[in-house]
Amino acid sequence: MLLITDEQISAVASVKDCIEVMELAFRDLANGDAVDTPRGRIFSGPAVKPGIYSIGHQCAILPRFNIAALRVTSHRVREHREPRDNHFVLLFDLESGRLLAMMHGFTISGIRVGATTAIAAKYLAPKGRLEVGILGSGKQARTNLEGIAAVSDIRRAKVYSPNPAHRELFCREMGEKLGIEIVPENEPQDVVQRSQVVLCASNASQPIFDGEWIEEGALVISLRNSDRHRSPREVDDATIRRSSHFVVCSKAQIQIDQQKEWLDPFAKGLVSFEQLFELTDLVSGSVPSRHSTKKIACYHSNSASGIQFAAAGYKCLQLVKEAGDVRDLPDEWFVTDLSAWWEKGLQPSP
């Protein structure tokens, strides 16, 4: 069993490396050749100060790569968080059931979102040279811009963050990494206007731009999503009203988590549940990429999914193994020996 750290993954894997396997995984999911479950999260109850602790999971089976994946998170939330991340992706071999690897999940999580956004941009973004407006400067803004850049011809990117030092750092580091011009802006309006792709990757609780600023035919990407315990929203009613094509990662997750960023527009009649499509619909070709080149398309990464971690985990595992710097732990540390029961003719369930 291999133990693989964030540092090892960061050294060899990129968003671009994982786009192809991610699209194959979503296509398999669409065709019924892979299995995925909705995201699950529970929070501590009244006995332990409600909402301070959260444990979450996603899992998937991806036969194409002979992989099953389980992602597990365990942490304190919001202001109670600490600078240590208990976040793992476990990869299992389908044929033997053996645990192949335990991987740190922070870097993989950014890569899987960026690769998934790249797929959405491939199908939904306008053609030609693009100007990209970015609202946010953290990990998600970085990996998702990397994904968009991998499938689009970006002429220039603009970034707004409330912290001037953060946006300057973003421009310097990502401009050098991607080889494109990235400029900081002092106001969200300057980022959104005249952008063919608007990437929302903020920590805002309320929309920070007016949907009337969006250029006709643009693609709006929102990465922030809510659940029963918090209800942030990155795009406003005007954005929903002006959009004609809506794609989410998971329609089921809207109901499971009671995501107000969709339930509120449903209640106002701005959009209906039936008007939403899923990313699997795009990659399978069951819905068109665009209804109109003059109408706004809206993609919401509203859920982490096990299939993302199976695809990105598989690719990152291959790249780390090829690099040759791996830590192999004894398999017997991670299995329970039931031989004594079997010798008695008994085969107890897991």
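## Helix H2

Helix H2 covers residues 15-31, 17 residues in total, and its first and last C-alpha atoms are 24 Å apart, close to the expected 24 Å at 1.5 Å a residue. That expected span is 1.5 Å times one less than the number of residues. Helices are DSSP runs of H or I with at least four residues, strands are E runs of at least two, and both are numbered from the N terminus. This is a predicted model: local features need pLDDT of at least 70, side-chain atom pairs count only at pLDDT 80 or more, and totals for chains, interfaces and linings use all residues. Residues are numbered from 1 along each chain as its sequence is written, and side-chain values use heavy atoms, with hydrogens and water left out.

H2 has a kink of about 25°, centred on Val-21. The bend is the angle between axes fitted to the seven residues ending at a residue and the seven starting there. Val-21 is also among the buried residues of H2, as are Cys-18, Met-22 and Phe-26. Buried means under 20% relative accessible area (1.4 Å probe, protein chains only). Cover for the buried residues of H2 includes strand S4 (53-62), helix H3 (106-124) and helix H4 (139-151). Gly-32 follows H2 and has a positive phi, near 80°.

## Helix H4 and Asn-144

The 13 residues of H4 should span 18 Å at 1.5 Å a residue; the end C-alpha atoms are 19 Å apart, which agrees. Asn-144 sits in H4. Asn-144 is buried, with a relative accessible area of 0%. Its contacts (heavy atoms within 4.5 Å) include Val-113, Gly-114 and Leu-223, not counting residues up to four places away in sequence.

## Pockets

A pocket is an open set of points on a 1 Å grid over the protein atoms alone, with protein on both sides within 12 Å along at least five of seven lines; lining residues have an atom within 4 Å of a point. The largest pocket has a volume of about 1400 Å³. Its lining has 45 residues; Arg-81, Gln-140, Asn-203, Arg-224 and Arg-230 lie nearest the centre. H3 and H4 are among the elements that each supply at least two lining residues.

The second largest pocket has a volume of about 280 Å³. Its lining has 14 residues, with Ser-10, Thr-107, Thr-143, Glu-146 and Lys-177 nearest the centre. H3, H4 and helix H5 (164-178) each give two or more residues to this lining.

Definitions and conventions. Buried means under 20% relative accessible area, exposed over 50%, partly exposed in between (1.4 Å probe, protein chains only). On a 1 Å grid over the protein atoms alone, a cavity is a set of points where a 1.4 Å probe fits but cannot get out, and a pocket is an open set with protein on both sides within 12 Å along at least five of seven lines; lining residues have an atom within 4 Å of a point. Grid points are joined across faces, edges and corners, and a volume is the space filled by probe spheres set on the points.
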